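This report is meant for a reader who is meeting the structure below for the first time.

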Amino acid sequence: MKQTKRSIIVFLGPAVLLYVLVFFYPVLRTSMMSLFEMNNISSPVREWGFVGFDNYAKLLNTQLFRISMINIGKIWLFTGIATLGLAMLLALILTQGLKFQKFFRASVYLPNVIAAVAVGYMWLLFVFSKSKFGLLTSLFNFLGWEKMAQFQWLSGENLFLSMCIAYVFSNTGYFMMMYIAAMENISQDYYDSALIEGANIFQRFLYITLPLIKGVLGMSTVLWTTRTIGFFALAQVFSNTSTFTPMLYTYRTLFATEAGSESVNPGIAAASAVVMTLTAVIVSQSLKHLIRTENYEI
Amino acid sequence: MNHKRKMISGLKKELLRLPGYMLVIIWVGFTFFMIGWIILASFSTTREIFTGNLLASGLHFSNYTKALVANKGLQNVINSVIYTVPSCCLTILVCAPAAYCISRFSFRGNGLIQKLILIGLAIPGIMIIMPLFSVFNTLKLSGTHFTLIFLYTATSVPYTTFFLMPFFAGISPTYEDAAAIDGCGPVRCFWHIMFPLVQPAIVTITIFNFISKWNEYFMALVFANKSGLRSIGVGLYQIVSSLMISGDYAGMFASVVIVFMPTVVIYAFLSDKIITGVTAGGVKG
């Protein structure tokens with residue numbers, strides 16, 4: 001068929017234009033902003049003052065930013081292990097041909113379609129509530145586990161743990177669906193012959209399922225990384241220093257809209273955005289690399 | 001005899017699955033209990049919530065009228081519709097031709113464009129909002145619904161294009177050949193022949209886009225955190241923050257229900273479509 005230049009431009013033009021406007025140009029300009037000093041986010045370029053890497057130096061010396069980076073590291077690692085582990089476990093269970101399997105799958109995924117702010121409040125106002133109606137409090141009271149019923153889910157040092165539990169709950173379904181899709185791509189023949197050879201359920205998982213879904217497994221860790229770097233809504237709902245994330249830090253450095261916010265400094269906010277993006281890129285690239293080299297060993 | 005043995009082995013199989021059943025039932029039971037309790041609480045009075053007698057005095061629809069009207073819940077819902085529906089349509093108008101072109105035409109730069117799409121998928125929102133904010137300010141567009149419609153459309157381009165590409169790639173080239181012989185130009189051929197062929201994929205990605213835009217929070221907070229512009233998520237944060245002071249738990253739960261009900265109802269009917277929209281990206285990538 002005739003592929004004129006004109007029709008390529010007609011088909012691709014709008015998408016390329018939007019991409020340039022919303023990804024290409026902003027990424028370049030944010031990177032540039034991070035090397036300058038300015039009064040506010042809308043200051044024109046002629047009012048910017050070049051400061052080199054000063055913004056980065058200041059940023060890395062800011063206590064709150066460091067706390068937020070450590071927090072996001074903890075969320076990435078511990079919440080990541082919990083989320084992906086539970087997703088794998090549930091995916092394994094829900095590919096065994098259980099009764100109501102389809103319904104169970106859909107129900108585990110359900111929290112993913114609820115806005116993060118609403119999920120946050122469901123946990124904050126009901127599940128973790130210390131009032132008599134709080135779900136965990138009344139559950140443990142009912143079971144007679146008084147120690148657990150007394151647990152202060154929302155007090156200072158426990159708030160971070162509580163937020164992570166809520167995050168695991170609302171993300172597990174997404175990764176479970178991904179693993180299920182991958183597991184269902186594996187031919188049943190492998191399992192049949194393994195059964196004849198007398199492999200038990202753990203051997204079948206370890207030597208058949210796991211190697212064959214390795215690609216998706218790697219993909220899921222990369223997706224987890226890009227997801228967690230944007231951790232924001234829950235951090236704002238559970239608002240506290242102990243639950244601070246880089247995204248929230250950057251937001252507050254850009255817009256001093258709330259009590260307790262720091263002074264506005266777009267240059268530092270831009271530096272923070274660059275640090276976050278680079279962190280995510282480096283982590284996901286190394287994950288990709290790690291999984292690829294392992295593949296060669298087989 | 002054989003039949004009996006079969007039954008016993010079947011029973012044994014189910015017994016082995018018991019721990020699996022238990023875990024899944026606890027997980028799912030918890031989810032439904034949480035959602036169910038909050039819905040019941042949203043129809044009760046705050047006093048009943050605290051004394052543990054939900055719905056003791058019947059259904060209180062006043063929680064909802066208050067949440068929708070006095071607390072502007074309805075306006076937030078309307079705003080969210082204004083943001084999501086046009087941007088879902090625009091996304092398809094822009095991405096379907098692009099996906100078609102990338103997956104079926106060979107031209108210089110095709111590989112580069114595919115790479116850029118993958119990069120676009122990984123760029124966090126924080127990296128792009130600052131320059132856009134100042135551009136919208138300069139163009140005097142901040143404080144209008146246009147900003148979020150535009151942003152939701154543009155930021156959906158990478159995933160939507162990426163999702164649609166394999167569907168266009170799978171169509172037989174005979175359709176285009178036949179259209180060309182009949183004197184049908186490439187643009188008409190696309191909209192009249194190719195586009196209808198991938199309709200199921202279009203529906204899937206649109207539902208998926210709708211839900212993610214409906215639930216989007218960060219950009220909505222940055223670009224539409226003004227009275228009259230707030231989306232459901234940003235509005236909920238503001239409503240609960242102010243109701244927390246008066247301790248109006250019934251009102252807070254009603255506001256939470258208003259936010260999650262639309263997507264939960266859509267999901268109840270279209271869960272298959274939504275799940276394919278999610279898994280396609282991960283598995284094929």
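## The interface between the chains

Chain A and chain B bury about 8,100 Å² between them, and 82% of that area lies on carbon and sulfur atoms. The structure shown is a predicted model, and the values that follow are computed from it. To the contact between the two chains, chain A gives 86 residues and chain B gives 93 residues.

## Salt bridges

Over all chains, a search of the whole structure finds 5 salt bridges. One pair crosses between chains, running from A:Lys102 in helix 4 (residues 101-109) of chain A to B:Asp272 in helix 15 (residues 249-284) of chain B. In this salt bridge of A:Lys102 with B:Asp272, the closest N and O atoms are 3.5 Å apart, and across the interface of chain A and chain B the count of salt bridges is 1.

## A helix pair across the interface

Helix 1 (residues 5-33) of chain A and helix 6 of chain B have axes that come within 12 Å and cross at roughly 45°. Because of that angle, helix 1 of chain A counts as oblique to helix 6 of chain B, and the crossing in which helix 1 of chain A passes helix 6 of chain B is left-handed.

From helix 1 of chain A, the residues A:Leu12, A:Tyr19 and A:Phe23 meet B:Ile113, B:Leu116, B:Ile117, B:Ile119 and B:Gly120 in helix 6 of chain B. Sorted by class, the residues of this contact of helix 1 of chain A with helix 6 of chain B are 7 nonpolar, 1 polar and no charged.

## Helix 6 and helix 9 of chain B

Within chain B, helix 6 (residues 110-122) also packs with helix 9 (residues 157-169), at an angle of about 130° and with their axes 8 Å apart. That angle is why helix 6 of chain B is oblique to helix 9 of chain B, which helix 6 of chain B passes in a left-handed crossing.

The residues B:Gln114, B:Ile117, B:Leu118, B:Gly120 and B:Leu121 in helix 6 of chain B meet B:Pro158, B:Tyr159, B:Thr161, B:Phe162 and B:Met165 in helix 9 of chain B. Of the residues in this contact of helix 6 with helix 9 of chain B, 7 are nonpolar, 3 are polar and none is charged.

## Helix 5 and helix 9 of chain B

Helix 5 (residues 73-104) of chain B packs with helix 9 of chain B at an angle of about 50°, their axes being 8 Å apart. With this angle, helix 5 of chain B is therefore oblique to helix 9 of chain B, and helix 5 of chain B passes helix 9 of chain B in a right-handed crossing.

Residues of helix 5 of chain B in this contact include B:Thr91, B:Ile92, B:Cys95, B:Tyr100 and B:Arg104, while those of helix 9 of chain B include B:Val157, B:Thr161, B:Met165 and B:Phe168. By class, the contact of helix 5 of chain B with helix 9 of chain B holds 13 nonpolar, 4 polar and 1 charged residues.

Terms used: Residues are numbered from 1 along each chain as its sequence is written. Chains are lettered from A and ligands numbered from 1 in the order in which they are written. This is a predicted model: local features need pLDDT of at least 70, side-chain atom pairs count only at pLDDT 80 or more; totals for chains, interfaces and linings use all residues. Side-chain values use heavy atoms; hydrogens and water are left out. Axes are lines fitted to C-alpha atoms, for helices over the stretch in contact, and angles run from 0 to 180 degrees between N-to-C directions. Helices (H or I, at least four residues) and strands (E, at least two) are DSSP runs, numbered from the N terminus. Angles under 35 degrees count as roughly parallel, over 145 as roughly antiparallel, 65 to 115 as roughly perpendicular and the rest as oblique. A crossing is left-handed if the near helix is turned anticlockwise from the far one by less than a right angle, and right-handed if clockwise. Contact means heavy atoms within 4.5 Å. Ala, Val, Leu, Ile, Met, Phe, Trp, Tyr, Cys and Pro count as nonpolar, Asp, Glu, Lys and Arg as charged, and the others, Gly among them, as polar. Buried area is the accessible area (1.4 Å probe) that two parts lose on being put together, summed over both. A salt bridge is a side-chain nitrogen of Lys or Arg within 4 Å of a carboxyl oxygen of Asp or Glu.
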